[in-house]
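This report looks at a ligand and its surroundings in a protein model, and then at the fold as a whole. Please keep the sequence and the coordinates at hand while reading.

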Amino acid sequence: MSSCIFCKIIRGELPCTKVYEDESVAAFLDIKPVNPGHTLVIPKKHFENIHDMPDALVAKVAVAAKKIADAMRNIGVKGVNIGMNNGAHAGQIVFHAHMHVMPRYGKDSFSLWVGKEYYGKERELVAEKIKAALKS
Ligand code: AMP
Ligand code: ZN
């Protein structure tokens with residue numbers, strides 16, 4: 001994709017601080033890290049989000065994210081969050097699929113989510129809907 005900033009990084013048209021690369025995946029530091037070392041793992045080929053990616057490529061990106069998480073632990077990082085924003089409603093800003101690998105140190109000002117309560121039959125209903133969609 002010609003205008004995609006992550007495709008430009010892959011083509012070498014924009015700089016990045018690369019930490020890992022193989023034939024199908026690249027990983028480089030996020031320019032606005034949650035904590036130093038926050039890494040983005042991306043497929044080299046352009047896909048907008050996880051829904052568009054072939055399963056095998058999702059697995060390759062996830063395995064690369066684990067490698068980086070393991071490396072972080074080896075250099076003293078206390079915990080690691082791995083996350084992926086898929087779609088604008090999920091906070092995706094760059095529409096080239098990427099996994100965030102975020103070093104964590106307990107109460108370090110980054111907050112993932114605040115859990116809500118389920119009311120009435122909502123929990124059973126949503127579980128049934130997801131299960132039905134999985135079968136279709
Ligand atoms: P999101 O799409 O919300 O999952 O987040 C996109 C992430 O990409 C943000 O954390 C940005 O800080 C990061 N980002 C945007 N442009 C660049 C860039 N040129 N190099 C590295 N990270 C970037
Ligand atoms: Zn792209």
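This is a predicted model: local features need pLDDT of at least 70, side-chain atom pairs count only at pLDDT 80 or more; totals for chains, interfaces and linings use all residues.

## The shell around the ligand

Helix H1 gives the most to the shell around ligand 1, with 3 residues, where helices are DSSP runs of H or I with at least four residues and strands are runs of E with at least two, numbered from the N terminus. Both H1 (5-11) and strand S2 (25-29) supply at least two residues of this shell.

Ligand 1 is surrounded by 16 residues, the closest being Asp-30, Gly-91, Ile-93, His-98 and His-100, with a residue taken as near if one of its heavy atoms lies within 4 Å.

Residues are numbered from 1 along each chain as its sequence is written, chains are lettered from A and ligands numbered from 1 in written order, and side-chain values use heavy atoms, without hydrogens and water.

A side-chain N or O atom of Asp-30 lies 2.5 Å from an oxygen atom of ligand 1, which is a polar contact (a pair of N or O atoms within 3.5 Å). A backbone N or O atom of Gly-91 is 2.6 Å from an oxygen atom of the ligand. Taken alone, ligand 1 exposes 500 Å², of which the protein buries 84% (Shrake-Rupley areas, 1.4 Å probe).

## The protein as a whole

The protein has 3 helices and 5 strands, which run α-β-β-β-α-β-β-α from the N terminus on.

Conventions:
A polar contact is a pair of N or O atoms within 3.5 Å; within protein, one must be able to donate a hydrogen and the other to accept it, and residues adjacent in sequence count only if both atoms are side-chain atoms.
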